[in-house]
Amino acid sequence: MSRKRYAVCGLSNRGLAAFVHPLMGLSGGRVDGVLGYGGAGDDLSASGTVVALVDSDRQRVEEFNAQLRAAGAAALPYYSPDAFDDMLGELAPDAVIVTSPDRTHEAYIVAALARGVEVITEKPMVSSAAAARAVLRAESASTARIKVTHNLRYARTHRVIKRMILDGSIGAVTRVTLDYHVDLRHGASYFSRWNRQRAHGGLAVHKCCHHFDLVTWLVGREPLEIFGYGALNYYGPRSPHRPPQPGAAPGAGSAVPAGEGEHDPYLRGLRDTGVVPEENGTGARTGLFGLHYAEQYPADRPMYIYDDEIDIEDTYSAVVGYEGGASLAYSIDFSSTWEGYRLGISGTHGSIEMLHGRTVDGEPLPGSDLVVLAPLFGKRSTVQVDAPRGEHAGADPEMRRDLFVEQSAESRELGLAATSLEGAWAVALGEGLWRSAVEHRPFGVAELLG
């Protein structure tokens, strides 16, 4: 079997750990960090190879190529984003993998589809409903197709639950509740990154789209409408946790410098995640594998969780309506005492419940990954799912094998691979959530996607 040739667009932490390292057989750099970038434990070099890197940060790519040369491997060709079309013509990759910031996905996807090149894109597929419309149009006019890496579907617990639903264990799904918590380390890290601004899509799209896709997949019906509330409660210039700044008016000011603010309760956790350097750290921010973000997070433009430019919400509640009458009650906050979620699914013949969670220090919560099946007229039963730790509870390796080796029979049975339309639904629900919070009205998915 010949190896497929992939060009990777965006040398992000996620792109490196989940895709570049496995495809290059660099399994020694496994990462199971608290931020969930996914590990690099798989060696997929027999199935595929990386033929080019496309990124706006030349220095970061050069640092990575230096690591390759030091390991005795050949450096990869580098292309800037404005040379992406040249790369497609010169190298003719079989597919592109898009792992760049959300707002850049659309341009790469549309350009690749125009040349008939397959696309694998990180979630969210794009950063807005308008971009989703453009991508769906481009795909309909192309011979190539898009695969969206909605990996939560692949978690072992979710596969067990999906099979219960398909087997009719609870009848037709009528109602879902999903209460999601992002712990104070993980949540705060987003507000020191590009995710904290609406222009980049915001967290309602970047994070919540994962959850909306998971529920849509479990329900098995098209989402129709969303209504929600949201607020900025923990971060930004008016945060109740912001240390006092001498001479500053309440709510005024910009960043608390990383070397100061020792009274900031978030600071230690941010240092543990690597988003904020140690007190004497200098230079650009360093990501996984010791690579610097010289362009995205330069030393002369610090980002911190109390900056004035933060313009998104950190707390949401929403209701989603589905074709056929099922509904979702959803909530999320980005400064919680634990990481994970409670999921409840009610049906005409019973219900399914589960908890997946850990403390801030990484200890599993009691009862985590225990799936409870309660027939409407029968005895409750439990299934203890042995969910692997790291790599999104074992989801990433399963997804990579689907993408780069062969789609499994289970994947076909459960519909694990997300399509572009499903990716667009998730983006539309994310945008509908923040728009509803701002405009105080419901938004239809068809209204957003046209």
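1. A nonpolar core here is a set of buried Ala, Val, Leu, Ile, Met, Phe, Trp, Tyr and Cys residues joined through side-chain atoms within 4.5 Å. In this predicted model, the largest such core has 119 residues, and Val96 and Ile345 are those with the most contacts inside it.

2. Ile345 deserves a look in your viewer. Leaving aside neighbours within four places in sequence, Ile345 is in contact with Ile161, Ile165, Ile170, Val173, Arg175, Val176, Leu218, Gly350, Ser351 and Ile352.

3. On to a helix pair. Helix α6 (residues 156–166) packs against helix α9 (residues 208–219) at an angle of about 30 degrees, the axes being 9 Å apart. Angles under 35 degrees count as roughly parallel, so α6 is roughly parallel to α9. On the α6 side the contact uses His158, Arg159, Ile161, Lys162 and Ile165, and α9 contributes Leu214, Trp217 and Leu218. By class, that makes five nonpolar, one polar and two charged residues.

4. Helix α1 (residues 13–23) has eleven of its eleven residues buried, so the rest of the structure largely encloses it. Among them are Arg14, Phe19 and His21. Just after α1, Gly25 takes a positive phi of about 70 degrees.

5. Finally, confidence. The mean pLDDT of the protein is 91, with 90% of its residues at 70 or more. Over residues 31–36, however, the pLDDT is below 50, and the model gives this stretch 19 contacts beyond near neighbours in sequence. Residues 249–256 also stay under 50, with 20 contacts beyond four places in sequence. Where pLDDT is low, predicted coordinates should not be read in detail.

Definitions and conventions. Residues numbered from 1 in each chain as written. Predicted model: local features only at pLDDT ≥ 70, side-chain atom pairs only at ≥ 80, totals over all residues. Heavy atoms only, no water. Buried < 20%, exposed > 50% of the residue type's maximum accessible area, 1.4 Å probe, protein only. Helix = DSSP H or I, 4+ residues; strand = E, 2+ residues; numbered from the N terminus. Axes fitted to C-alpha atoms, helices over the stretch in contact; angles between N-to-C directions. Parallel < 35°, antiparallel > 145°, perpendicular 65-115°, else oblique. Contact = heavy atoms within 4.5 Å. Nonpolar A, V, L, I, M, F, W, Y, C, P; charged D, E, K, R; others polar. pLDDT = per-residue confidence, 0-100.
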